Amino acid sequence: MNQPDTQNAEQLLEAARALRWQSGGNIHEVLVESIYTEAARLADRAVQRKGEGRFDLDRTIDRLVTSRRWGIPIMMLLFALVFWITITGANIPSKWIASILLGRVYPALHVAAAAIHLPAWLSGLLIDGMYLATAWVVSVMLPPMAIFFPLFTLLEDFGYLPRVAFNLDAVFKRAGAHGKQSLSMMMGFGCNAAGVIATRIIDSPRERLIAILTNNFALCNGRWPTQILLATIFVGALAPAYLSGIISALAVVGIAMLGVLLTFATSWGLSRTVLRGEVSTFSLELPPYRPPRILQTIYTSLIDRTVYVLWRALVFALPAGAVIWLSANLTIEGLSVAEHVINFLNPIGLLLGLNGVILVSYIVAIPANEIVIPTVLMLTALTAGMSGVGGGAGVMFDAGSGSATLAILHAGGWTLLTAVNLMLFSLIHNPCSTTLYTIYKETGSLRWTALAGLLPLGMGFLVVFFVAQIWRLLAGVI
Amino acid sequence: MSESPIQFQAGCETCPVHNAANLLKLGVDMSDWDYVVALAGNPNTGKSTVFNALTGLRQHTGNWPGKTVTRAEGGFEYGEHKFKLVDLPGTYSLLSTSMDEEVARDFLLFGQPDVSIVVVDATRLERNLNLALQVMEITERVVICLNLMDEADRHGMQVDDRRLARDLGVPVVPTSARYGRGMEQLVATVADVANGVLRPKPQRVHSLAPELETIVNKLKAQVQRQYPDLPNARWVALRLLDGDERISEAIQAGELGDLSHGLLDENRVMGQPVPEAAR
C-alpha cells in the first residue's frame with residue numbers, strides 16, 4: 001500500500017463524483033448501448049448466412065418440450081423413463097455384487113480372522129462393523145448410480161435441463177423468487193452443496209437466500225438410492241410384477257415432484273415473510289441442442305459423479321460401521337447402547353409414522369445421506385432380535401436382494417406407512433453437513449445456516465406427523 | 001522445462017509443429033508458471049471444454065449456462081514455458097454487480113493475466129462480442145477463441161475470422177473444442193502474445209456523445225496523472241462515472257496504485273475468497 005496516495009485518491013474520487021453529476025447519471029445506459037451497437041456492427045460484418053429457410057430442428061424440438069401444454073408432462077415422462085431404466089436395470093448387478101461381497105468375501109474374511117486368532121471384538125469391529133457397512137453401501141448404491149448418473153448426464157449434455165428451467169421459470173417468479181433459481185435447483189438434483197454454490201448466478205441477495213434455503217428440496221444424489229430402494233421393495237411390491245418397475249419409478253418421480261412443489265411453496269412463504277422484496281427479471285438462454293457424446297459422457301459421469309458419491313459414502317460408512325457395531329455391542333444394564341437410544345426415541349418415531357431406528361439412523365447419517373438405508377437395516381435387525389441372521393449383534397448382513405431386505409424390515413414392524421414416511425422424510429429434512437457448511441460459507445451467517453437446517457427439519461416432522469395421523473384415521477375407518 | 005528424450009536441433013524448438021506435438025498437459029500441477037492465462041467467455045460457449053482440452057483436466061462440462069460459478073485453475077506447458085490457466089465464470093457482461101461477473105472482472109483487472117482468452121460462440125457472435133469488447137477495454141492482451149465453428153457450419157453460417165480479427169485488432173482463432181480442432185493454433189497464438197511476438201491492438205469503442213466524451217477524457221486524464229502506468233485508465237474513468245463501488249474501494253485501498261506500480265501481491269489476488277454474500 002502507498003500511504004501518501006491516500007489524499008490523492010480522495011481527490012480523484014471527489015472529481016469523479018463531480019463529473020458523474022455533470023454527466024447526467026445515465027452513463028451506464030449510454031455505455032451499454034455503444035458496446036451493443038459496436039458488437040452488432042462487427043458481427044454483421046463477419047457473419048454470412050447461406051441457405052435461409054432450412055428446417056430448424058432445434059426450434060421444432062423446443063416448441064414441443066417448452067410448450068405450455070406438453071412441457072411439464074414431457075418432463076415427467078422423461079424423468080419417469082430414466083428412473084424406470086435405473087430401477088429395472090439395477091436389480092441384477094445389485095444381487096450379483098451382493099452375492100460376491102456378502103456371500104463370498106464376508107465368510108472368507110471371518111475364516112481368515114479365525115485363522116490368525118484375531119480377538120472376537122476386533123474381528124467384530126473390523127469385519128462385522130466396518131467391512132459390512134462398506135460392502136452394503138457398494139452393493140446397494142453402485143448399480144443404480146452407475147445407471148442413473150450417465151442417463152442424467154446425457155440429458156444434461158443434450159441440452160434438456162435449461163428447457164426444464166424454462167418451463168419452471170414462470171412459476172418461480174410467481175413464487176416471488178428469481179427465475180434463475182430453476183437452474184440452481186437443477187444443480188441441486190445432483191448435489192445440494194453444488195446447488196448452493198450455483199446460486200451465485202443470482203444477483204439479488206434476497207432471491208439468492210431464497211434459492212439457498214430451498215435448495216435442499218431438490219432430491220440429491222445421496223438420497224436417490226434411498227428413494228429407489230424403498231419405492232422398489234414397498235411401493236412396487238404392491239403392483240403385479242409386470243407393473244412394479246413402472247409403479248416404483250412413478251413413486252420416485254412423485255417424490256421428486258413433491259420436492260419441486262415444496263421449493264415453490266417455501267420460496268413463496270419466504271418471499272412473503274422474512275425475505276420480502278421485488279422480483280428481478282432476467283433472460284434465460286436456451287442453448288442449442290448438441291448431440292451428446294455418449295462414450296465421453298459415460299466416462300465423465302462415472303468419474304465425476306458415481307465414483308465421487310460412492311467415495312463419499314464409503315468415507316462415511318467406514319466410521320459409521322464401527323460406531324454402529326460398538327453401539328450395538330456395548331451394553332449398559334443388559335441392553336446395548338443402541339437399544340437404549342432407540343427405545344428412548346421409539347415413541348416419538350411411532351407418533352411420526354416412523355420409528356426410533358429411523359430417527360437414530362438420521363442422526364448417524366447427518367454427514368452423508370448415503371448411509372441411511374444400511375444403518376436402518378442394521379439397527380432394525382438388532383432391535384427385532386433377528387439373532388442368527390448374519391451372525392450376531394451389530395452385523396449388517398446379506399440383504400442385497402429386495403426380498404431379503406423386505407423380510408428384515410417386516411420383522412422390524414415396518415408397514416407401507418413407514419416406507420412412505422421415510423421417503424417423505426428423506427426428501428424433507430435438514431441438509432447434510434457438507435451442504436450446511438457450504439451454506440455457512442456462502443452466507444457467512446450462522447442465523448441463515450440454522451434456518452436452512454431447521455426449516456426443512458420442522459417441515460419434515462410436520463408432514464410425516466400429519467400423514468401418519470391421516471393414514472391411521474383412514475385405516476381405522478376402512 | 002520439458003525434457004524430451006531426443007535432442008532436437010536448435011531449429012526444432014522454435015518450430016510450431018514441434019511445439020504443438022509437445023503440448024504438455026499439466027493438470028493441476030502449477031508449480032512456478034511463467035505466464036498466467038485467463039479464460040473468459042459467455043456461459044455455454046464451451047469454455048470448460050477449452051479448459052479441459054488445454055489442461056488435460058476433466059472438469060465436468062455441461063450443456064447449460066452458469067455451470068462454472070467459481071474459478072478453476074489448471075496448467076499446461078508449451079514451447080519452453082509453463083502456463084497457468086484460470087477458468088473464469090461465464091458471464092454476459094462485466095458491467096453489473098452479480099458475484100460471477102465480479103469474480104471474472106476482478107481477476108482480469110487485479111489478477112493481471114499475461115493473456116486473456118475470450119471464448120466466443122460463433123453462432124451467437126453479436127451477443128458474445130459484447131463481452132469480448134468489454135474485456136478488451138480492461139486488457140489489451142486478448143486472444144479470441146472463435147469456438148463452436150462446427151455448429152456454425154451446421155446452421156449454415158460462415159464466420160469470417162480474418163475480418164473479425166482485423167476489425168477487433170486482436171488475434172482470432174477458429175476452433176471446435178469439443179472435437180479438439182484448432183487447439184494447437186490457439187495455444188501457439190496465446191504463447192506468441194505472452195512472449196510478445198504478437199502485440200494485439202484492440203479497437204476500443206469510442207463512440208460516445210461529444211459532451212460525454214469530454215467528461216470521460218477529463219476524468220481519464222486525472223486517473224492517468226494519479227496512476228501513470230495503468231493500462232486501462234479510460235476504463236477506470238468510465239467505471240467511476242458509472243458509480244462502481246468496487247473500483248472506488250480499490251482506489252481508496254491503494255490497490256489500483258499497486259496495480260499501476262506492478263506491486264500487487266500475487267497471492268492476495270489469487271487467494272482472495274469469493275466475495276462474501278450479502279447477509
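This is a predicted model: local features need pLDDT of at least 70, side-chain atom pairs count only at pLDDT 80 or more; totals for chains, interfaces and linings use all residues.
**Entry 1: chain B as a whole**

I began with the secondary structure of chain B and found 13 helices and eight strands. I then looked up burial: of the 279 residues in chain B, 59% are buried. For the surface, I noted an accessible area of about 11200 Å², with 48% of it belonging to carbon and sulfur atoms. Last, I checked contacts in chain B between residues at least 6 apart in sequence, and 68% of these join residues at least 24 apart.

Most residues other than glycine have a negative phi.

I placed Gln112(B) in the loop between α4 (99–110) and β5 (115–121) of chain B. Is Gln112(B) buried or partly exposed? Its relative accessible area is 36%, so Gln112(B) is partly exposed.

Leu148(B) is not a glycine either, and its phi is about 65°. Leu148(B) sits in the loop between β6 (142–147) and α6 (149–154) of chain B. With a relative accessible area of 5%, Leu148(B) is buried.

**Entry 2: Thr175(B)**

Thr175(B) belongs to the loop between β8 (172–174) and α8 (183–195) of chain B. Its relative accessibility is 2%, and buried means under 20%, so Thr175(B) counts as buried.

**Entry 3: a helix of chain A against a helix of chain B**

I turned to helix α2 (residues 27–46) of chain A and helix α7 (residues 161–168) of chain B. Their axes are 8 Å apart, and the packing angle is about 150°. Why do I call α2(A) and α7(B) roughly antiparallel? Angles over 145 degrees count as roughly antiparallel, and theirs is about 150°, so the term applies to this pair. The crossing of α2(A) past α7(B) is right-handed.

I then listed the residues that make the contact. From α2(A) these are Leu42(A), Arg45(A) and Ala46(A). From α7(B) they are Arg163(B), Leu164(B), Asp167(B) and Leu168(B). I sorted the residues of this contact by type and got four nonpolar, three charged and no polar.

Notes: Residues are numbered from 1 along each chain as its sequence is written. Chains are lettered from A and ligands numbered from 1 in the order in which they are written. Side-chain values use heavy atoms; hydrogens and water are left out. Axes are lines fitted to C-alpha atoms, for helices over the stretch in contact, and angles run from 0 to 180 degrees between N-to-C directions. Helices (H or I, at least four residues) and strands (E, at least two) are DSSP runs, numbered from the N terminus. Angles under 35 degrees count as roughly parallel, over 145 as roughly antiparallel, 65 to 115 as roughly perpendicular and the rest as oblique. A crossing is left-handed if the near helix is turned anticlockwise from the far one by less than a right angle, and right-handed if clockwise. Contact means heavy atoms within 4.5 Å. Ala, Val, Leu, Ile, Met, Phe, Trp, Tyr, Cys and Pro count as nonpolar, Asp, Glu, Lys and Arg as charged, and the others, Gly among them, as polar. Buried means under 20% relative accessible area, exposed over 50%, partly exposed in between (1.4 Å probe, protein chains only). Accessible areas come from the Shrake-Rupley method with a 1.4 Å probe; for residues, only the protein chains shown count as cover.
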